[in-house]
Amino acid sequence: MSFIDQVVQCIQEAEQKGTLVEREDVLTGYSGKKLYGTLQRLAKTVLTEDTCYVEVGVYQGLTLLSTALSNEKGLFIGIDNFAFFDPQGKNKGLVEERTAKLGLKNTSLINADYEDALEQLEQYLGAKKVGIYFIDGPHDYRSQMMCLLLMKPYLAEDAVILIDDSNYRHVRQANRDFLLTNPEFKLLF
């Protein structure tokens, strides 16, 4: 089975069966079960000893932590400065609390602006490449484009990039412009 076929199979299975692991007693958020079911399946299928998962836009940790929980052997990195959707300043602490409750030792949280974090990502990755990249950060055109451009040197050859909120016109335009100028990348869905 080709790599693309494996990715498609992960998506189809998540649509039909939902998640692999749920901890609704600890994890809540806005992401749907099909999304984090896809991330969980991709983590089991795509990640190797040489690759890791990186997420921009952690919010309260649902996708990052549920994906890490589904595949405890990998490295799962979340990037967020917790400047948005957190008027009381509780989300970073909530992610750390949830990480502890779940007993996760395979996650790392980078509390920084995504641009600063991505420009210095090598210090967090070591020799690893990024096998799964989930973008759920700022959704303006420039931010979307920067998330793609700054990650490009760190991506594994067969990396999967998932982009949340692709129905926003400016996110879709940034994705399209990135694909037009980087023909080695392909849009799957």
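**Terms set against values**

Biologist: What share of the contacts in the protein chain between residues at least 6 apart in sequence join residues at least 24 apart?

Modeller: The share is 74%, where a contact means heavy atoms within 4.5 Å. This is a predicted model, in which local features need pLDDT of at least 70 and side-chain atom pairs count only at pLDDT 80 or more, whereas totals for chains, interfaces and linings use all residues. Residues are numbered from 1 along each chain as its sequence is written, and side-chain values use heavy atoms, with hydrogens and water left out.

Biologist: What makes the protein chain as compact as a globular protein of its length?

Modeller: The chain has 8 helices and 5 strands, counted as DSSP runs numbered from the N terminus (helices H or I, at least four residues; strands E, at least two). Its radius of gyration, taken over C-alpha atoms, is set against a globule rule of 2.2 Å times the number of residues to the power 0.38. The value is 15 Å, close to the 16 Å that the rule gives for 189 residues, so the chain is as compact as a globular protein of that length. Along its principal axes, the C-alpha trace spans about 45 × 35 × 35 Å.

Biologist: How do you know whether Phe76 is buried or exposed?

Modeller: Phe76, which has its place in strand E2 (residues 76-79), has a relative accessible area of 0% and is therefore buried.

Biologist: What makes one space a cavity and another a pocket?

Modeller: On a 1 Å grid over the protein atoms alone, a cavity is a set of points where a 1.4 Å probe fits but cannot get out, whereas a pocket is an open set with protein on both sides within 12 Å along at least five of seven lines; lining residues have an atom within 4 Å of a point. Points are joined across faces, edges and corners, and a volume is the space filled by probe spheres set on them. By this rule there is 1 cavity of 30 Å³ or more, and the largest cavity holds about 40 Å³. Helix H3 (residues 62-70) gives the most to its lining, with 3 residues.

Biologist: How many residues line the largest pocket, and which lie nearest its centre?

Modeller: The lining has 36 residues, of which Val160, Ile161, Leu162, Lys186 and Leu188 lie nearest the centre, and the space amounts to about 1200 Å³. Strand E5 supplies the largest share of this lining, 9 residues. The second largest pocket has a volume of about 570 Å³.

Key
Buried means under 20% relative accessible area, exposed over 50%, partly exposed in between (1.4 Å probe, protein chains only).
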